[in-house]
Amino acid sequence: MYSVYENHENGGLFIDNNYEPKTCSQCGDIDRFIGNFDNYKQLIEHLADEDGWTGYNEEYLEGIFEDAENETTI
Ligand SMILES: [Zn+2]
């Protein structure tokens, strides 16, 4: 299970299972929690609108999970 967040400042996604919210020094917002997923296909299902568009390209989303798998043992 991977915890996915949206970076408040650049809109990118990242996985961090030990995430502690960091408040933005500019506006006080925090990164947005997207959800917990086992793999990028689940994330795509979660993000997709009725046309199947997630707002991100599939390779990008897959890459986030590959990075997380390389860094952690869960
Ligand atoms: Zn901000």
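This is a predicted model: local features need pLDDT of at least 70, side-chain atom pairs count only at pLDDT 80 or more; totals for chains, interfaces and linings use all residues.
Leaving aside neighbours within four places in sequence, which residues is V4 in contact with?

The chain contains 2 helices and 3 strands, arranged along the sequence in the pattern β-β-β-α-α. Its C-alpha atoms fill a box of roughly 35 × 35 × 15 Å along the principal axes. Of the 74 residues in the chain, 11% are buried. Among contacts between residues at least 6 apart in sequence, 46% join residues that are at least 24 apart.

The largest nonpolar core has 8 residues, namely Y2, V4, L13, I15, F37, Y40, L43 and L61. At least two residues of this core come from each of β1 (2-6), β2 (13-15) and α1 (40-47). In soluble globular proteins, nonpolar side chains tend to be buried together.

The opening question can now be answered. With neighbours up to four places away set aside, V4 is in contact with L13, I15, I34, G35, F37 and L43. Among these partners, L13, I15, F37 and L43 belong to the largest nonpolar core, as does V4.

D16 is classed as partly exposed because 14 other C-beta atoms lie within 10 Å, whereas a buried residue would require 20 or more. Not counting residues up to four places away in sequence, D16 touches S3 and Y5. D16 and S3 are 13 residues apart in sequence, and their C-alpha atoms are 5.8 Å apart in space.

Methods: Residues are numbered from 1 along each chain as its sequence is written. A nonpolar core is a set of buried Ala, Val, Leu, Ile, Met, Phe, Trp, Tyr and Cys residues joined through C-beta atoms within 7 Å. A residue is buried if 20 or more other C-beta atoms lie within 10 Å of its own, exposed if 12 or fewer, and partly exposed in between; C-beta atoms are placed from the backbone. Helices (H or I, at least four residues) and strands (E, at least two) are DSSP runs, numbered from the N terminus. Two residues are in contact if their C-beta atoms, placed from the backbone, lie within 7 Å.
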